Amino acid sequence: MPWRRTREPYPVWLSEVMLQQTQVATARPYYDAFLARFPTLASLARARAGEVLEAWAGLGYYRRARHLHEAARTVMREHAGRVPDDPEAFGGLPGVGRYTTGAVLSICFDRPLPVLDGNVARVLSRLFAISAAIREPRGARRLWALAGTLVPMRRPGDWNQAVMELGATVCTPRAPACGRCPVRSVCRARCLGRVADFPRGAPGRAPETVRRAVALIVRRGRVLMERREGVLLAGLWEPPGVALVNGAAPARALRTALARLGLRARLTPAGRTVRHAITHRAIVAQVWHGAPVGPTPRTARLRWVDPQRPGVPLTALARELTRRPLAAPTTHKETI
């Protein structure tokens, strides 16, 4: 993996941010493309927020990109462009928590700091037969303390990466390869014949179903997109829509949402439903086709976008909605 062949802080930091909540196979092409577009921390700091989100589009958990961008600007402004090797200073940057601090500073600056992610927690839980869940505060505190006692003073970055790799490739959640594990002889869970019992899982959060109605408004091959606002997906673009709450009728709710944007369009139900998962939400979007009635308001929140060359960061839902060939509908049953 390319981030294992360098000790430069920026590439290592980028990899650790991308690998949060994301598998290596998924993150790898984004990592290469992101570094090609923003090869240095200075180039990332100079970029506009929309450019950063566009490069991140499809990777999900966009708050990571916003925080990394903000942190790059902070490093350029307050640390003369050098990633600080002090745990307090680095840990105070936007989006940088205890895990990222330990990973980046141990790998790049030989700081003897521990790391604890799901892979490390699983290795430690089995090695010492500790019934602790990383998602529970008490279990996390116990595992962090244990990880801190084990990290060596020499080559702490190699140690942390080795334990992470052990969990990712050998001590896997299911069917661990105990026969080729280098620490099998001292693994307490294996000696007890209870490898499958560790770590203890924390109760999962049930996904919340969110019903939406979206307007796929097309003009000359371009789709009308709205820039999202608020905490979730802020700065990304997707066709205008509305959440359907308390059994709201889709046509009426969509009419109100479009009117707030100054839009009128002739719409007809597309007979198509798109399902999409994001964090703990299962989105069920009812699609309406349409054509604009009158001029489109000139606002920063609306833009006609070519789905093949968007030029703006699209949400995963927007890409799914525009994946099929687009054409304006020939009949209209509802004017909104």
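Alanine 175 sits in the loop that links α10 (156-169) to α11. In this predicted model, the phi angle of alanine 175 is near 50°. That value is positive, in a residue other than glycine. Is alanine 175 buried or exposed? Its relative accessible area is 73%. Residues over 50% count as exposed, so alanine 175 is exposed.

A positive phi is also found at alanine 129, again near 50° and again in a residue other than glycine. Alanine 129 belongs to the loop between α8 (118-127) and α9 (137-150).

A further backbone feature involves a proline. The peptide bond between phenylalanine 198 and proline 199 is cis. Its omega angle is about -5°. Proline 199 is placed in the loop between α11 (188-191) and β1 (208-219).

Helix packing is considered next. Two packed helices are described by the angle between their axes and the distance between the axes. For helix α1 (residues 9-18) and helix α2 (residues 24-37), the axes come within 10 Å. They cross at roughly 140°. The crossing of α1 past α2 is right-handed. On the α1 side, the contact is formed by Tyr10, Pro11, Leu14, Ser15 and Met18. On the α2 side, Ala27, Tyr30, Tyr31, Phe34 and Leu35 take part. Which classes of residue make up this contact of α1 with α2? There are 9 nonpolar residues and 1 polar residue, and no charged ones.

The nonpolar interior follows. In soluble globular proteins, nonpolar side chains tend to be buried together. Here the largest nonpolar core holds 41 residues. Trp13, Phe34, Leu44 and Trp56 have the most contacts inside it. At least two residues of this core come from each of α1, α2, α3 (41-46), α4 (49-56), α5 (63-78) and α7 (98-109). Which helix gives the largest share of this core? That helix is α1, with 6 residues.

Tryptophan 56 can be followed through its neighbours. Leaving aside residues up to four places away in sequence, tryptophan 56 touches Leu14, Val17, Met18, Tyr30, Phe34, Tyr61, Tyr62, Arg64, Ala65 and Leu68. Among these neighbours, Leu14, Met18, Tyr30 and Phe34 also belong to the contact between α1 and α2.

A second core is separate and has 21 residues. Ala132, Trp144, Val163 and Val170 are included in this second core.

How values were computed. Residues are numbered from 1 along each chain as its sequence is written. This is a predicted model: local features need pLDDT of at least 70, side-chain atom pairs count only at pLDDT 80 or more; totals for chains, interfaces and linings use all residues. Side-chain values use heavy atoms; hydrogens and water are left out. Axes are lines fitted to C-alpha atoms, for helices over the stretch in contact, and angles run from 0 to 180 degrees between N-to-C directions. Helices (H or I, at least four residues) and strands (E, at least two) are DSSP runs, numbered from the N terminus. A crossing is left-handed if the near helix is turned anticlockwise from the far one by less than a right angle, and right-handed if clockwise. Contact means heavy atoms within 4.5 Å. Ala, Val, Leu, Ile, Met, Phe, Trp, Tyr, Cys and Pro count as nonpolar, Asp, Glu, Lys and Arg as charged, and the others, Gly among them, as polar. Buried means under 20% relative accessible area, exposed over 50%, partly exposed in between (1.4 Å probe, protein chains only). A nonpolar core is a set of buried Ala, Val, Leu, Ile, Met, Phe, Trp, Tyr and Cys residues joined through side-chain atoms within 4.5 Å.
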